[in-house]
Amino acid sequence: MKNKNTTWTTRILIFLIASGILLPMVHKDPYFLHICIIIFIWSILTFGIRIVLITGHLNAAQGGFLGMGAYFSAILTMKLGWSFWISLPASGLAVAILAMIVGYPILRVKGAYFVMITFGITEVFRQIWMMWKDMFGGPQGLFGVPKPSPIDIAGLHISFSSKMPFYYLALVVLLFTVLVMRRLDNSRLGITLRSLPQSEMLSESIGIPILLYKLIAFVIGAFFAGLAGSLWAHYFTYASPDDFNWTNSLFMLMYAVIGGTQTVLGPILGCMLLLSLDEVLIEFQEYTPIVLGLILIFILFYLPGGLISLPQKMGSLLKWRKK
Amino acid sequence: MDMLIQTFINGTMGSLILILVASGLCMIFGIMHIVNFAHGEFYMLGGFGAWLFFDQEVLPLFGPPAFRYILSVILTMVAVAFIGIIVERVLLRRFRGSLQSILVVTFGLMLIMQASTLIIFGVTDKAFSSPFQGYLSLGNFHISQERMAAIITSIVIMLLLYFFINKTKYGKAMRAVAQDAEAALVLGMNFNLIFSLAMGIGCALAAVGGALVGPIFYVNPYMGVAPVMKAFVVIILGGAGSLLGAVIGGFVVGMTEAFVSTYFGTHFAIMAVFLILIFILLVKPTGVFGHEE
Amino acid sequence: MTAGENRTLLEIKGLSKNFGGLAAVADLNFATEKGEIVGLIGPNGAGKTTVFNLISGFLKPTQGQVIFGGVNVTQKKPSWIAKKGLMRTFQANVLYNENTVMQNVLLGCHLHTGFGLMRDFLNTAETQQRKKQLDEKVMEILKFSGLYELRDELASNLSHGHQRILGICITLAAEPQLLMLDEPVSGMNAEEKNNMVELIKQINLKGITVLIVEHDMKVIMNLCHRIVVLNFGMKIAEGLPEEIQAHPKVIEAYLGVE
Ligand SMILES: Nc1ncnc2c1ncn2[C@@H]1O[C@H](COP(=O)(O)OP(=O)(O)OP(=O)(O)O)[C@@H](O)[C@H]1O
Ligand SMILES: [Mg+2]
């Protein structure tokens, strides 16, 4: 049963990746590419919140980490003149280090209190960006973040002034994320992380350093938020404090829950469905939150495992019919 | 000196409103263990209720303006309590045990409530004035009657709440459930009724906060977002489930905000509030008077 | 006497724990030697589980010391104490319910496999090798305990008896020197009890010292080399099974003579 599920996940994943690579070749519409890029960036973020979610913590600091990634990358390229290609990983690492410092004391806090403390952290970050004008540009944020510098691969000169190259860039970062997360899921680390919320008492009694594992998950999540932030800043070419508030963390949570947290497909499906829905409903913008809210409630009521549990659910429904 | 007193008055009003909102949240959290992200939206509904009943006169209320205003506030509380009870029954109750589901479902609710009010009433801020106009003067120091009315109403409501919880049968039952749900279950208490009561009163408290603030500032679909965050800080400060804690926490947060924003600016004020939150949770991971969840 | 001291594995010195006004454990002294099976008995509420919690670090003693393998482990964290080779099971079934039996035991191996973050991640030949070794270890424990057939079941789907065995398997995977069992046969039928007694004997034969709390006197008398009796947090008797059976204070405590 379990194996069958895994192979299905793999097949769908391969299908998605293949279409991700091929689609822009047939459908070059910049608007379409734009939406895909947004979906990719949000998927990376959602993966980051999911890895902490499986340890039983709802990390509302993810929105703040996204912002920190964006600001770091903007500052590194604009003020220090670094190339985007260095500032991308550097932002990931910087945010990971930040998460290590922040995470160590706060990961003792549990449940609703953890949600609140991480909300608080995002909010404190935001006030810092707004107050520290010289560094972060104040309430307006930082404008004129450069697009990634052109690169030459195999004799090809790629410039990032158009959407297509950025599409592939975001796709590559997303693929990297999926690869890492999939490995993680199937490794002992993944099993250990998922065991944490089940019984801390048992884990402690057999010598599992709980705090350390939670910190690892928290830092990994933050690393990917940092990468996503860097992409964000260089795609939109600005970093503004209004974009990185606590509701972002709730949107990530929403995508993760709607997609389902059991397998790596969940975050991608959640982001794909809800973000493209945003676009479909663009003419009825004011109705979008209502539709989102209703979908969310519907999923929680009838599909608590998220979209990825749909086939299973259908299967059991069919079986039940046959009986 | 004048600025000091003025800030103190403003802080008092801010604190009292915050205390109303926070005690509602506190009640819902303490009794049902529901972390209600949409609590701010009930506050927002309160603002719209006062606007509809008093300013737009959707019901043919009669009498002098002050009487009509008070009637409007009461009507608003009842209506919002009713909405809250339905929401709890239909949406929230089944997710009570799961923090993740509750967060997600109340977030969904928040989106729906904000967008619906936006669609029905439009984006523009609704400004209206309460019947209490003019200033009370004490020497060279003035306070608007509007604010005074808000302060007095808040105090009256908190006293009523205190009386209800400590002196009435249902209030005592609610306290029993908050303290020890299992024992209360054994004693055969009617949980359905208690939950409905808690949600109704909790939402009514948020609504009265919105209704009192409405005429002083303005009413719009997003007015609930900031107060609910502060209310969360308050109940963590005061301890989940403790009303006295909510009162103390409300004053700490409200006064901190008023004084820091007057003397250092609003950004510092928000930061100060959240730094208090972070500090408290670091020292005591379950809040000041909290117990393991 | 020096030779005897070297054989001491666990030593409890003047251990006390107060909950508010209640003295749950009061000035408790006893020791276990390597290779022994020691019983810790007493009426309900005598403080047995509290003693386990104090030894394993889940509670901090009000007074007194716990010396394990010559090291003072008082005031240390549970995971630190576990690392020294002191494991305990719980009075209730505490398992990773959403994981399979195999994964439960695998998690128990953590102490001896460490993180292997990078290694697991890169999936080198060495990782494969280690993975195989680990799987073998898990399978061996499962065969030893009789849970092998159930290895792919979720822990929550096991019967109560199997769940209690799985609880012990997890600790076995962590390779304890001293294993503390809190009521291992509670809620079991006669056959399951016999199997459990056999299992504990087998565990002891592997050289693991056992400290066992149990209400079933047949099991205690059958297993234990020595017995410590608690009542109201105080030690009222200590000795060989036969001595304890005939001890007037013990009989009094159990019959509840006022
Ligand atoms: N965390 C705690 N807080 C307060 N009192 C406690 C706590 N844990 C145990 N007690 C009290 O300490 C006493 C000893 O409890 P303990 O669980 O150790 O008994 P026990 O011997 O294991 O009993 P049983 O055979 O029923 O398992 C009891 O009176 C119990 O109520
Ligand atoms: Mg016990």
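This is a chat about how the chains of a predicted model meet and what lies inside them.

Me: Before we start, what should I keep in mind about the model and the numbering?
Reply: It is a predicted model, where local features need pLDDT of at least 70 and side-chain atom pairs count only at pLDDT 80 or more, while totals for chains, interfaces and linings use all residues. Residues are numbered from 1 along each chain as its sequence is written, chains are lettered from A and ligands numbered from 1 in the order in which they are written, and side-chain values use heavy atoms, with hydrogens and water left out.

Me: Thanks! Which pair of chains has the most contacts?
Reply: That's chains A and B, among the 2 pairs of chains that touch. Contact here means heavy atoms within 4.5 Å. On the A–B side of things, 39 residues of chain A are in contact with 41 residues of chain B.

Me: And how far apart are chains B and C?
Reply: Their closest C-alpha atoms lie 15 Å apart, and no contact joins chain B and chain C.

Me: Back to A and B, what area is buried there?
Reply: About 3,700 Å², with carbon and sulfur atoms giving 87% of it. Buried area is the accessible area (1.4 Å probe) that two parts lose on being put together, summed over both. Tyr113(A), Met116(A) and Phe301(A) supply 20% of what chain A buries against chain B, more than any other three residues.

Me: How many salt bridges and polar contacts cross it?
Reply: The rule finds 0 salt bridges between chain A and chain B, taking a salt bridge as a side-chain nitrogen of Lys or Arg within 4 Å of a carboxyl oxygen of Asp or Glu. There is 1 residue pair in polar contact, both at pLDDT 80 or more. A polar contact is a pair of N or O atoms within 3.5 Å; within protein, one must be able to donate a hydrogen and the other to accept it, and residues adjacent in sequence count only if both atoms are side-chain atoms.

Me: Which helix of chain A gives the most to that side?
Reply: α5(A), with 15 residues. Helices (H or I, at least four residues) and strands (E, at least two) are DSSP runs, numbered from the N terminus.

Me: OK, how about chain C against chain A?
Reply: Those two bury about 2,500 Å² between them, 66% of it on carbon and sulfur atoms. The contact takes 30 residues from chain C and 23 residues from chain A. The count is 0 salt bridges, and there are 5 residue pairs in polar contact, both at pLDDT 80 or more.

Me: Changing topic: which residues touch the most others in the largest nonpolar core?
Reply: Trp42(A), Leu231(A) and Leu166(C), in a core of 259 residues. Such a core is a set of buried Ala, Val, Leu, Ile, Met, Phe, Trp, Tyr and Cys residues joined through side-chain atoms within 4.5 Å. Helix α10 (residues 210–236) of chain A gives the most to this core, with 18 residues.

Me: Is Cys169(C) buried or exposed?
Reply: Buried, because its relative accessibility is 1% and buried means under 20% relative accessible area, exposed over 50%, partly exposed in between (1.4 Å probe, protein chains only).
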